[in-house]
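Visitor: I would like to go through this structure term by term. Please set each value against its definition.

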Amino acid sequence: MTQPVAASVALDGGVRTADLAAGQEPVFAPSRGFWGHVGHRLVRDPVAMAAGAVILLVILVAVLSPWITPMDPYKGSMLRRLRPLGDATYWLGSDELGRDMMSRLMLGARLSLFIGVTPVLIAFVIGSALGILAGYVGGWTNTILMRTIDVFFAFPSVLLAIALSGALGAGIFNSIVSLTCVFVPQIARVAESVTTGIRRRDYIDAAKLSGASALTIMRVQVLGNVIGPIFVYATSLISVSMILASGLSFLGLGVRPPEPEWGLMLNTLRTAIYVNPAVAALPGLCIFIVSISFNLFSDGLRNAMEVRQ
Amino acid sequence: MLLYVLKRLAYVTPVAFGVSVVCFLLVHLAPGDPLSAVLPADATQATIDEMRAAYGFDKPLPVQYLIWLWHVLQGDLGVSIATGRPVAGEVGRAVVNSLILASAATLIGFTFGTLFGFVAGYHRNSLADRAASALSVFGVSVPHYWLGMVMVIVFSATLGWLPPTGAGPDGSGNWRPDLDHLRYLILPAITMSVIPTGIIARTVRALVADILAQEFVEALRAKGLDEWGVFRHVVRNAAPTALAIMGLQLGYLLGGSILIETVFAWPGTGFLLNAAIFQRDLPLLQGSILVLAMFFVALNLLVDVMQTALDPRIERA
């Protein structure tokens with residue numbers, strides 16, 4: 001499942017025949033290192049690069065949105081409600097309160113990305129820590145941690161997310177907490193299996209013999225070798241997380257009005273599907289584009305790192 | 001085989017116990033008291049205490065849990081705060097509707113998923129293969145609640161072919177197997193089937209490609225078996241895993257149906273959950289989630305056992 005960093009550098013550090021033939025690289029090229037190779041392979045994957053470009057663009061819009069929206073995203077007009085796509089003033093139409101859709105979609109990227117990506121980031125830290133601990137220490141610690149995690153696997157993720165945020169109540173913070181709870185067990189399970197796979201390797205024994213403490217070994221030898229696959233797995237969760245986070249807002253459990261968020265916008269525009277279907281479907285299209293981009297980029301990253309599923 | 005079943009049961013029991021603890025604690029996660037949502041704001045302390053004692057909330061948590069578990073084991077999930085009716089009955093009715101929808105979606109997903117998966121697995125890197133992998137990426141990336149809306153926009157609002165919401169023409173909460181009710185099932189079932197179609201297609205494709213690359217297929221061909229005969233061997237080898245994935249997908253759909261059921265106003269568990277959340281009907285929330293999670297656990301167990309029965313190699317592994 002994993003590839004020790006040292007070994008992969010030794011294997012891939014040499015010169016590729018294709019590069020040699022093209023005469024682009026000197027015979028004894030300096031090693032790019034593991035991540036250098038991953039980057040190199042990723043750049044040659046057009047699908048992953050396109051997906052990455054879309055993600056970068058959305059992040060850029062999200063960051064800059066307060067300054068670049070064409071109109072005030074909060075200011076509505078009862079006279080100019082539900083304008084169609086391609087309207088002279090409202091290029092992407094206007095919503096049920098007469099607010100500019102384009103401005104709201106741009107500002108909405110902020111919250112949608114934030115509530116979608118944050119749970120995976122937090123879960124990545126907590127889940128990796130728990131999984132590495134369980135995998136490296138083994139024994140009873142492993143049994144107790146992993147059996148507890150099994151309990152959370154007994155809930156389909158959508159159900160768990162909705163159950164938790166339903167019990168906690170609506171709000172951005174609660175929605176992030178619920179989704180984090182959904183992803184921690186999933187990441188921890190992957191981290192545990194990867195760590196268990198390498199804990200009997202010779203270089204771990206060597207570190208032990210050299211007198212390194214368990215904490216140092218986990219931090220240096222284990223972390224360095226397992227973080228790649230865990231990271232790839234975590235990136236594959238972002239897409240699900242975006243859909244779920246916006247889904248919670250869609251149900252009224254996440255972001256509250258009047259803040260623009262794609263899931264919430266989709267919900268409030270449901271009433272408009274007979275009047276102005278194209279505009280009503282726009283926020284969902286945004287979620288879909290971002291979600292599929294994250295999925296394709298994650299696939300590319302997995303191929304580039306040669307992590308098997 | 002019996003030993004294997006017993007072993008799985010021994011493994012599932014603590015998980016089921018953990019699930020019950022999580023469901024029980026859900027109610028206590030809620031800010032304040034489960035009763036605070038139903039009691040009037042100006043209730044006197046005496047009233048509050050009386051209610052707390054009546055519902056047993058004055059006892060320590062572990063005691064409350066044991067009492068709750070005792071009732072649950074007897075099929076008593078408490079009483080809905082909003083309607084005053086027993087939760088078990090409400091959930092029971094909703095589960096039937098959800099099962100109908102989820103089964104229909106799984107069936108569609110399984111049919112198309114295996115079809116695409118087989119074609120793609122047999123013809124690697126062909127156009128069909130690329131279409132199948134595009135389909136599976138689409139299936140896992142599309143926000144299904146949005147897809148549901150788009151379906152309603154296209155097939156109900158624009159074309160007027162199918163009804164947009166509900167489970168039947170009379171607005172009743174019960175689906176019946178007749179033509180009128182079937183029309184109401186089509187849109188939500190197709191929307192829901194997109195996820196399992198993608199996942200099953202991806203799995204079957206990998207399975208078929210893997211099986212075709214094995215030596216026994218070559219041996220079968222070498223001894224002169226026709227392609228149809230070889231195909232039957234491939235199916236026989238792919239079936240246990242494909243069926244297992246289908247079973248798990250049914251569980252996921254049943255538990256994850258809340259968003260699609262909300263879009264289509266389908267009177268199932270998702271719809272019930274939605275109502276429970278917004279009326280802060282915590283017993284109903286707790287009961288529905290417990291039933292759905294236990295169903296998922298049981299389904300997992302069933303899938304494991306069935307898979308082993310179909311493919312004895314798993315037990316030995």
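**Terms and values**

Guide: Gly93(A) sits in the loop between helix H4 (46-68) and helix H5 (101-137) of chain A. The model is a predicted one, in which local features need pLDDT of at least 70 and side-chain atom pairs count only at pLDDT 80 or more, while totals for chains, interfaces and linings use all residues. Residues are numbered from 1 along each chain as its sequence is written, and chains are lettered from A and ligands numbered from 1 in the order in which they are written.

Visitor: Why is Gly93(A) called buried?

Guide: A residue is buried if 20 or more other C-beta atoms, placed from the backbone, lie within 10 Å of its own, exposed if 12 or fewer, and partly exposed in between. Gly93(A) has 23 C-beta neighbours inside 10 Å, so Gly93(A) counts as buried.

Visitor: Which residues is Gly93(A) in contact with, leaving aside its neighbours within four places in sequence?

Guide: Two residues are in contact if their C-beta atoms, placed from the backbone, lie within 7 Å. For Gly93(A) the contacts are Arg83(A), Pro84(A), Leu85(A), Asp87(A), Met101(A), Asn276(A) and Val279(A). The C-alpha atoms of Gly93(A) and Arg81(A), twelve residues apart along the chain, are separated by 8.7 Å.

Visitor: What makes up the secondary structure of chain A?

Guide: Helices (H or I, at least four residues) and strands (E, at least two) are DSSP runs, numbered from the N terminus. Chain A has twelve helices and zero strands, and chain B has 13 helices and zero strands. Buried residues are 47% of the 309 in chain A and 38% of the 317 in chain B.

Visitor: Why are H1(B) and H12(B) called roughly antiparallel?

Guide: Axes are lines fitted to C-alpha atoms, for helices over the stretch in contact, and angles run from 0 to 180 degrees between N-to-C directions. Angles under 35 degrees count as roughly parallel, over 145 as roughly antiparallel, 65 to 115 as roughly perpendicular and the rest as oblique. Helix H1 (residues 2-29) and helix H12 (residues 282-310) of chain B pack at about 165°, with axes 10 Å apart. H1(B) and H12(B) are therefore roughly antiparallel. The residues of this contact divide by class into 18 nonpolar, three polar and two charged; Ala, Val, Leu, Ile, Met, Phe, Trp, Tyr, Cys and Pro count as nonpolar, Asp, Glu, Lys and Arg as charged, and the others, Gly among them, as polar.

Visitor: What makes H12(A) and H5(B) oblique to each other?

Guide: The axes of H12(A) and helix H5 (residues 127-141) of chain B come within 9 Å and cross at roughly 125°. H12(A) and H5(B) are therefore oblique to each other. The contact joins Phe288(A), Ser291(A), Ile292(A), Asn295(A) and Leu296(A) of H12(A) to Val137(B), Val140(B) and Ser141(B) of H5(B). By class, the residues of this contact are five nonpolar, three polar and no charged.

Visitor: How many residues of chain A are in contact with chain B, and which helix supplies the largest share?

Guide: In chain A, 33 residues are in contact with 39 residues of chain B. The largest share of that side of chain A, nine residues, comes from H12(A). The side of chain A that touches chain B has 22 nonpolar, eight polar and three charged residues.
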